[in-house]
Amino acid sequence: MPILAHPDVAKNAPHFTALREGRIADGWTPATFARPGADGRWGPKLAAMFSRQGPTLRELAVQALSSVEHGYDLLAPKFDHTPFRTPDTVLDAVEGALAAMGDFEHGLDLCCGTGAGAEVLRRVCRESVTGVDFSTGMLSVGRRRVRSDGQPRVAWVRGDARALPFGPAFDLVVSFGAFGHFLPGELPGLFAQVHSVLRPGGRFVFPVGAPPRPASPWYWALLGFDTAMRVRNALWRPPFVMYYRVFRFGEVRRELRRAGLSVEHRALPEFGRWPDGSPRCRLIVATRMSGTLQAPPR
Ligand SMILES: C[S@@+](CC[C@H](N)C(=O)[O-])C[C@H]1O[C@@H](n2cnc3c(N)ncnc32)[C@H](O)[C@@H]1O
């Protein structure tokens, strides 16, 4: 039976709408925000994350057998109808925190995709917003979707986050939902790139969800996903690097510091706390301490 015709999926379709509208946040970093459906079951809820406008299972499979870059080119037209796009609840929480931090001039959305973070930057940066991504498909959807008239001016740049085509032009860099595409060994290079594009005192800001509690349903789901991805990458070329369990707070903090950034973190209160009192979602704020100035891209 096609998955969308399955009665459990049809019944849960409104759940997808709620995810997209940001009324619930568990489509983004599932381990952080997930709860089972009202009936206590997980399966139908997961399946219902994909609306009718989203990709078919076949399209997702073809995407997963491509490179990361080409996979996103294929997914781009339907990306905003998947749970992979950062939901508005997360974007709004980060925007609120950024607005409270002060004035920004030039913002960069790293691995911008269709521009979820660029829209946040449009509201908190006065002069310019730049989205950078290596998928031309994702960039062209972003270019069509995000308003670019007036101030701040908006630019879309094709580039690899591991070799950014900018100098130290930005006082704010944000990134949403993309760190799973980088292996732990790539973090020093990635953070060195971010450091190199920040102005002195500039900030690199991103939300990080707490990992799922051991033996919870999401713990097993993400372990299963990562294991399947490892098997796929051992057997198939080109690799598709997307792992949920590699981006760990302690290691990330250490590598940010090594890259020359001072690191603070704060709870995002919108997402609550675990029973042990730790936040379900943190905002990382990493600040560049020194360097030279350069004009942002036109
Ligand atoms: C899950 S999407 C997130 C998009 C968007 N930030 C959002 O939150 O909706 C991940 C994005 O990262 C981009 N990406 C992955 N690796 C990249 C790299 N090395 N350089 C530039 N972009 C990259 C992909 O092309 C894709 O658009």
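In this predicted model, helix α10, which covers residues 187-197, packs against helix α12, residues 249-258, at an angle of about 50°, and their axes lie 9 Å apart. That angle makes α10 oblique to α12, and the crossing in which α10 passes α12 is right-handed.

**Where the two helices meet**
- On the α10 side the contact is made by Leu-187, Pro-188 and Phe-191, and these meet Val-252, Glu-255, Leu-256 and Arg-258 in α12.
- Sorted by class, this contact of α10 with α12 holds 5 nonpolar and 2 charged residues, with no polar residues.

**Around the ligand**
- The ligand has 21 residues around it, and those that come nearest are Thr-86, Cys-111, Gly-113, Ser-135 and Phe-176.
- The elements that contribute two or more residues to this shell are α6 (68-79) and α8 (116-124).
- By class, the shell is made up of 11 nonpolar, 6 polar and 4 charged residues.

- Cys-111, in the loop between β1 (104-110) and α8, has a phi near 60°, which is a positive value in a residue other than glycine.
- Cys-111 is buried, because 23 other C-beta atoms lie within 10 Å.
- Ala-215, in the loop between β5 (198-209) and α11, also is a residue other than glycine with a positive phi, near 70°.
- Ala-215 counts as exposed, because it has 7 C-beta neighbours inside 10 Å.

**Cis peptide bonds**
- The bond from Gln-151 to Pro-152 is cis, with omega near -10°, and Pro-152 sits in the loop between α9 (136-145) and β3 (153-158).
- The bond from Arg-237 to Pro-238 is cis, with omega near 0°, and Pro-238 sits in the loop between α11 (217-235) and α12.

Key
Residues numbered from 1 in each chain as written. Predicted model: local features only at pLDDT ≥ 70, side-chain atom pairs only at ≥ 80, totals over all residues. Near = placed C-beta within 6 Å. Helix = DSSP H or I, 4+ residues; strand = E, 2+ residues; numbered from the N terminus. Nonpolar A, V, L, I, M, F, W, Y, C, P; charged D, E, K, R; others polar. Axes fitted to C-alpha atoms, helices over the stretch in contact; angles between N-to-C directions. Parallel < 35°, antiparallel > 145°, perpendicular 65-115°, else oblique. Left-handed = near helix turned anticlockwise from the far one by under 90°. Contact = placed C-beta atoms within 7 Å. Buried ≥ 20, exposed ≤ 12 C-beta atoms within 10 Å, placed from the backbone.
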